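Please open the structure in your viewer and keep the sequence beside it.

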Amino acid sequence: SAYSSEELAESSAAQAQKAATLSPNNLLVLRRVANTYFLLAQTDKKYERLALATAQRLTQLAPTDPQSYLSLAKIQAGLDRIDDARKSLEKALELKPDYLEAADLIIQIESQPVDN
């Protein structure tokens, strides 16, 4: 039997939640979980909060890990939280000044037209 996209989304969310529960302090798992929620948020806004909360947990678990701030920034930028994304990227670059991916994302954010 074919699954509806809603059923697939619910299943993906349940798997992500299970992974986060089983490995609450594993950065790799939480990064994947945050990205799963972010992808789900593209079709259902209810996952935005979970994506942000999971990505913020990365920075709480590893406050000196620049990749955690980059992961958070990508989700913030994807959810149009541009000021928050900029702050996260600045923190990533403070921790790792030669972090090219973070520097590139700041340039992308800065070059986007501002909605008035």
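**The whole chain**

Among contacts (heavy atoms within 4.5 Å) in the chain between residues at least 6 apart in sequence, 48% join residues at least 24 apart. This is a predicted model, in which local features need pLDDT of at least 70 and side-chain atom pairs count only at pLDDT 80 or more, while totals for chains, interfaces and linings use all residues. Residues are numbered from 1 along each chain as its sequence is written, and side-chain values use heavy atoms, with hydrogens and water left out.

Colour the chain by secondary structure: there are 6 helices and 0 strands. Helices are DSSP runs of H or I with at least four residues, strands are runs of E with at least two, and both are numbered from the N terminus. The C-alpha atoms fill a box of roughly 50 × 35 × 20 Å along the principal axes.

**Helices α2 and α3**

Select residues 27-41, helix α2, and residues 48-61, helix α3; they pack at an angle of about 160 degrees with their axes 7 Å apart. Axes are lines fitted to C-alpha atoms, for helices over the stretch in contact, and angles run from 0 to 180 degrees between N-to-C directions. The angle makes α2 roughly antiparallel to α3, a term for angles over 145 degrees. Now show the side chains in the contact: those from α2 include Leu-30, Val-33 and Tyr-37, and those from α3 include Ala-51, Thr-54 and Leu-58.

**The nonpolar cores**

Which residues have the most contacts inside the largest nonpolar core? Select Val-33, Tyr-37, Leu-40, Tyr-47 and Ile-75 to see them; this core has 20 residues. A nonpolar core is a set of buried Ala, Val, Leu, Ile, Met, Phe, Trp, Tyr and Cys residues joined through side-chain atoms within 4.5 Å, where buried means under 20% relative accessible area with a 1.4 Å probe, protein chains only.

Methods:
Parallel < 35°, antiparallel > 145°, perpendicular 65-115°, else oblique. Buried < 20%, exposed > 50% of the residue type's maximum accessible area, 1.4 Å probe, protein only.
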